[in-house]
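Subject: A structure for you to look through

Hi there,

Here is the structure I promised to pass on to you. Please open it beside this email so that you can find each residue as you read.

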Amino acid sequence: MKKIVIIGGGLTGLSAAHYLNKQVDGEAVDWQLFEADDHFGGKFNTVHRDGFIIEKGPDSFLARKPAGMALVEELGLTDQLITNATGKSYIYHEKALHPIPEGSVMGIPTDIRALLESDLLTEDGKIRALEELMLESNVTDADQSIGDFFEYRFGKEMVVHLIEPLLAGIYAGNIYEMSLRATFPQFEQTAKEHRSLMYGLKSHRPATVNTTGTAKTVGAFRTLDGGLSTLTDALVASLPAERLHACTKVKSIESTTVVLESGERIVADAIIIAATHDVVLSLLDVPALQPLKAQPMTSLATISLAFDKEAVPEIPEGTGFLVARTGDYHITACTWVHEKWPHMVPDGKILLRGFLGKAGQVGLLDQTDQEMADKVQADLKEMIGLRGKPLFYEVSRMKEAMPQYTVGHQERLKKVEADLRESHPTVFLAGMSYRGVGIPDCIDGGKEAANEALALLEQVRS
């Protein structure tokens, strides 16, 4: 009997198990999944408290990426899908909330009138941004940073005031170090095809508005009515329990042998490491993986604060805001959960979710829960007029949770995978460190690793 070992029981590992389980005969292929923690699901953590549904991990996934919707359907959860409410989003800059210009696509304006009417930019900043319509393409053969790409096109002011809060917020990274090609290749492709990003994005803007849109249209995100832990719980429930092993840490990988911390040794025909690159490096110290050692990780925290509605009597219409890095603030963003996901909050209450964590920041997770909650409340007091004490708060700590795709990431990854195939042909990598940090990306990564492992077994068999 052939044996496949999956290391990691987060979404990527569970997805790999799901697609293996769908395709293999259990009597011909024995797959086993090992998770060091005492539960499966990784960063997914939905808390139900006093009528609130609180996400301490991810809160939604992009519907336009098919992997998430497909998995929901396969697990029979389609009737539980909830679409986010849409509305204005804001940037906090110079002690005021400024609406993101109507029609923006991830912070990139497509409506000239809306840009000119915005008070996020000075008149000089607007003139410089509109020069983008006449600039030559800055798409090159070599990869470049997000910051350099957009500063050339729109100028520094627009980058700092509008683009950076949105794009850096997704990856909690430094946009002048992050790879454009590995994070937002659609912008490079649009600039290549149309020269002007503003023109190209306007021509191909989808009907569904994304996170930075302000129009009242169908939301781009989905969750499940009981919270996103429903997804990973359903994955676990759909799999044979005897093949899932929590509280089972893998110590190392020696050629084709997986060594457990208990001392047990398992010879495998294929090994899927469904974990971030720092975990991979701790398990397998080989020259092929050396380029991954320079890939940084950012720690994050979220603080969800529940209040009576009177705590913020004049909260603006909308779903939340991001913070421009033009002031000395602790939070990088805040979601008004009661507006974006009304089903998660009881009538007469509000739920505010503040985000902490920036590239290069140290000591974030050394603070106590109370210290972090106090800092978020201090910022929100200034930003939205928050008053009073919360009914309760929930803090989520995610140590080194967000891999940073720095310039040249795709080229390095291609070499790592080619060299690893030479030295360890039975080992396959999957997870956030490689090709996307979103939920659909992790599902796709798990599925692809499962298919590669099965293809290897078939190749050996033939």
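This is a predicted model: local features need pLDDT of at least 70, side-chain atom pairs count only at pLDDT 80 or more; totals for chains, interfaces and linings use all residues.

Residues are numbered from 1 along each chain as its sequence is written, and side-chain values use heavy atoms, with hydrogens and water left out.

**The sheet**

Let's start with the strands. Helices (H or I, at least four residues) and strands (E, at least two) are DSSP runs, numbered from the N terminus. Two strands pair if DSSP finds at least two bridges between them. Here, 5 strands with parallel pairing make up an open sheet, in the order 10-2-1-14-20. Strand 10 (244–245) and strand 20 are its edge strands, each pairing on one side only.

Buried means under 20% relative accessible area, exposed means over 50%, and partly exposed is in between (1.4 Å probe, protein chains only). As a rule, side chains in a regular strand alternate between the two faces of the sheet.

**A helix with a buried face**

Next, have a look at helix 13 (residues 369–384). Its 16 residues reach 22 Å from the first C-alpha to the last, close to the 22 Å expected at 1.5 Å a residue. That expected span is 1.5 Å times one less than the number of residues. The buried residues of helix 13 are M372, A373, V376, Q377, D379, L380, M383 and I384. Seen down the helix axis, these buried residues fall within an arc of 165°, so they line one face of helix 13. The arc is taken from the directions from the helix axis to the C-beta atoms. Just after helix 13 comes G385, with a positive phi of about 75°.

**Aromatic pairs**

Rings of Phe, Tyr and Trp (its six-membered ring) pair if their centres lie within 6.5 Å; planes under 30 degrees apart count as stacked, over 60 as edge-to-face and the rest as tilted. A search of the whole structure finds 11 aromatic pairs. One of them is the edge-to-face pair of F52 and F392, at 5.4 Å centre to centre and 90° between the planes. This pair links distant parts of the chain, with F52 in strand 4 (residues 52–55) and F392 in strand 19, 340 residues apart. Both F52 and F392 are buried.

Y92 and Y329 have ring centres 5.5 Å apart and planes at 85°, so this pair is edge-to-face. Because Y92 lies in strand 7 (residues 89–93) and Y329 in the loop between strand 16 (320–323) and strand 17 (333–336), the pair ties together parts that are 237 residues apart in sequence. Y92 is buried at 1% relative accessible area, and Y329 is buried at 15%.

There is also a cluster in which ring pairs link F149, F150, F154, Y171, F184, F187 and Y405.

**A few single residues**

M402 lies in strand 19 (residues 392–403) and, at 11% relative accessibility, counts as buried. Leaving aside neighbours within four places in sequence, M402 is in contact with I170, Y171, P296, M297, T298, L300, M432 and V437. Contact means heavy atoms within 4.5 Å. M402 and Y171 are 231 residues apart in sequence but 6.6 Å apart in space, C-alpha to C-alpha.

T110 sits in the loop between strand 8 (96–99) and helix 3 (112–117). T110 counts as buried, at 3% relative accessibility. A polar atom of its side chain lies 2.6 Å from the backbone oxygen of G103.

Is K95 buried or exposed? At 61% relative accessibility, K95 counts as exposed. K95 lies in the loop between strand 7 and strand 8, and its phi is near 65°, a positive value in a residue other than glycine. S255 is not a glycine and has a positive phi of about 55°; S255 is in the loop between strand 11 (250–254) and strand 12 (257–260).

Happy exploring!

Notes:
A polar contact is a pair of N or O atoms within 3.5 Å; within protein, one must be able to donate a hydrogen and the other to accept it, and residues adjacent in sequence count only if both atoms are side-chain atoms.
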